[in-house]
Amino acid sequence: DKSGTLGLAYSSLGLLYKLQEKPDSANFFFKLALNDFKKSENLAYLPNAYISLGESENQKNSASQSIEYFNNALEIAIKTENKQAQVSSLIAIGKWNLNNQNLPEAKNNLNQANQIAKTLSDKLFEIECLKALIELNDLQKNYYEVATLQKKLILLKDDYYSVERAKTIKSLEIQFEVAEKNRKLA
């Protein structure tokens with residue numbers, strides 16, 4: 001399988017085990033996904049596989065292994081010019097630095113991620129950046145910046161969900177029109 005389908009299945013199983021709070025099983029399937037993506041040379045999914053493994057290792061308190069996975073993800077994302085993967089990698093690295101009390105580096109990573117996320121059409125990436133920046137500024141007791149970022153987050157979420165709602169309504173209208181035409185034809 002060169003399409004990455006098997007790797008995606010492994011990733012999904014890993015995520016399910018992660019949700020069930022079974023880290024060993026999750027880690028097992030994340031490693032299978034990573035190996036499958038490497039074997040099939042599927043670079044599109046490889047950064048996310050590294051990030052999933054990095055988060056898994058981070059939960060096991062294996063800081064050196066987790067940052068290595070996050071850096072691998074970022075390296076591949078940069079080489080392939082995958083902006084979404086760059087944002088996800090930088091957020092993961094920023095959170096890692098945040099957890100390891102390296103706040104200046106965390107701020108740098110998260111600001112970098114946010115700058116890239118602003119250029120993406122999928123605003124979920126920017127939402128995740130803002131959440132991480134809020135967490136960072138809250139730790140630094142920079143409450144004015146927290147309030148500013150929370151306002152931005154609320155506005156961004158409102159815009160995002162308004163667009164999603166409009167898409168859903170339009171889709172339902174089209175489905176209704178098609179069903180109505182089919183009914184008339186019948």
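Before I start, a cut-off I'll need: I call a residue exposed when its relative accessible area is over 50%, and buried when that area is under 20%. I also keep in mind that this is a predicted model.

**Entry 1, overall layout.** I counted eight helices and zero strands in the chain. Read from the N terminus, the order is α-α-α-α-α-α-α-α. I got a C-alpha trace spanning about 65 × 50 × 35 Å along its principal axes. The chain has 186 residues, and 38% of them count as buried. I also looked up contacts with a separation of 6 or more: 47% of these join residues 24 or more positions apart.

The accessible surface comes to about 11400 Å², with carbon and sulfur atoms holding 54% of that. For charge, I have 24 positive and 23 negative, and their mean positions sit 3 Å apart.

How many of its 17 residues are buried? Twelve are, so I note α5 as mostly covered by the under 20% cut-off. Among the buried ones I listed V87, L90, I91, I93, W96 and L98, along with polar Q86, S89 and N97. What do the buried residues pack against? I found α3 (46-59), α4, α6 (103-117) and α7.

At the start, a side-chain oxygen of N82 comes within 3.3 Å of the backbone nitrogen of Q84. Just after the helix, Q101 has a positive phi of about 60 degrees.

A reminder to myself: most residues other than glycine have a negative phi. Is E81 buried or exposed? Its relative accessible area is 64%, which is over 50%, so I put E81 down as exposed.

K141 also has a positive phi, near 60 degrees. I found K141 in the loop between α7 (124-139) and α8 (143-185). At a relative accessible area of 59%, K141 is exposed.

Technical notes:
Residues are numbered from 1 along each chain as its sequence is written. This is a predicted model: local features need pLDDT of at least 70, side-chain atom pairs count only at pLDDT 80 or more; totals for chains, interfaces and linings use all residues. Side-chain values use heavy atoms; hydrogens and water are left out. Helices (H or I, at least four residues) and strands (E, at least two) are DSSP runs, numbered from the N terminus. Buried means under 20% relative accessible area, exposed over 50%, partly exposed in between (1.4 Å probe, protein chains only). Contact means heavy atoms within 4.5 Å. Accessible areas come from the Shrake-Rupley method with a 1.4 Å probe; for residues, only the protein chains shown count as cover. Lys and Arg count as positive and Asp and Glu as negative; His and the chain ends are not counted. The place of a charge is taken as NZ of Lys, CZ of Arg, CG of Asp or CD of Glu. A polar contact is a pair of N or O atoms within 3.5 Å; within protein, one must be able to donate a hydrogen and the other to accept it, and residues adjacent in sequence count only if both atoms are side-chain atoms.
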